[in-house]
Amino acid sequence: MVRKCARNTDIAHAHSGHAHNIALRATLGTKTIRVVTRHVAFAPRHPLIHRLKYTRTCHGIIAVSDAVRDVLVNAGIPASHIQVIHTGIELPPAPMRRALHRPLTVAHMGAFTKEKGQDIAIAAARLLPQIRFLMAGEGPLLPGLRESATANVEFLGFVSDKAQFFSEVDLFLMPSRSEAWGLAALEAMAYGIPVIASDIQGLADIIEPGRSGWLIPPGNAAALAHTIASADPMKFAAAARLRAEQFSVETMARETEQFYAGLLGV
């Protein structure tokens, strides 16, 4: 994205490494200020190259969470170069309070990769045969997890109608091993669905334990099953929605504009 700003200066804002490389080539020799957003929280394989890339080829970095910022700082990028701006969501109409489904229905949505922890949810489902589990998404681990799942687990594939999907859900699960920013958790909370999530950066920044959801030790299927069995979703529904409202796209846009203004010195 390139945006015309004050002082006859453009801002080129890239949201991926590939886009950043394109923006760099297109803007060399110009007055353009280059900004990149970092969406992942894994440590770089080549810290020196990473450090050079983010300090010499762009003027500012937006990290989508504290977890992402910490990875960048640990790679040697000055904290003064980085601004944390959480990725926002489009808020649906405020959900109406409703009764729980029978059987109780819990769900997860995400790419089927190791860091997302769907295997933990599958293991918890074995301990809770009376609970209905919905697993939405695609990815390389899906075939193996489908084979190992019990009868109370349903695999939905890619879901395009999120409103319909969330209308069937009482609790949302994020048993991740690593998470830059729990966008799927926020989307569930926007529909008034409290979240059970791993107690890791990127999720602990969102979930308010004992209010809008629950945090459990990562990788612990027994703790996940126990929390599902003892949870009262209706008690936390309103607070989950209120928490999600703090991370709207409007807030994200306003904070991004402020970051641009700082880079421009206005």
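Predicted model: local features only at pLDDT ≥ 70, side-chain atom pairs only at ≥ 80, totals over all residues.
Colleague: Which residues of helix 7 and helix 9 meet?
Modeller: Leu186, Met189 and Ala190 in helix 7 meet Ala240, Arg241, Arg243 and Ala244 in helix 9. Five of these contact residues are nonpolar, two are charged and none is polar.

Colleague: What makes strand 6 largely enclosed by the rest of the structure?
Modeller: Buried means under 20% relative accessible area. Five of the five residues of strand 6 (residues 105-109) are buried, so the strand is largely enclosed. Thr105, Ala107 and Met109 point one way, and Val106 and His108 the other.

Colleague: How do you know that strand 6 pairs with strand 7?
Modeller: Pairing needs at least two bridges. Five bridges join strand 6 to strand 7 (residues 132-136), and the two run parallel. Val106 stands opposite Phe133, and Met109 has Ala136 as its bridge partner.

Colleague: What makes strand 8 and strand 11 the edge strands?
Modeller: The open sheet has six strands in the order 8-7-6-9-10-11, with parallel pairing. Strand 8 (153-157) and strand 11 (213-216) each pair on one side only. Neighbouring strands are turned by 20° against each other on average, direction ignored.

Colleague: Which strands does helix 4 touch?
Modeller: Helix 4 (residues 118-127) packs on the sheet and touches strand 6, strand 7, strand 8 and strand 9 (171-174). Its direction makes about 160° with that of strand 7.

Technical notes:
Residues numbered from 1 in each chain as written. Heavy atoms only, no water. Contact = heavy atoms within 4.5 Å. Helix = DSSP H or I, 4+ residues; strand = E, 2+ residues; numbered from the N terminus. Nonpolar A, V, L, I, M, F, W, Y, C, P; charged D, E, K, R; others polar. Buried < 20%, exposed > 50% of the residue type's maximum accessible area, 1.4 Å probe, protein only. Axes fitted to C-alpha atoms, helices over the stretch in contact; angles between N-to-C directions.
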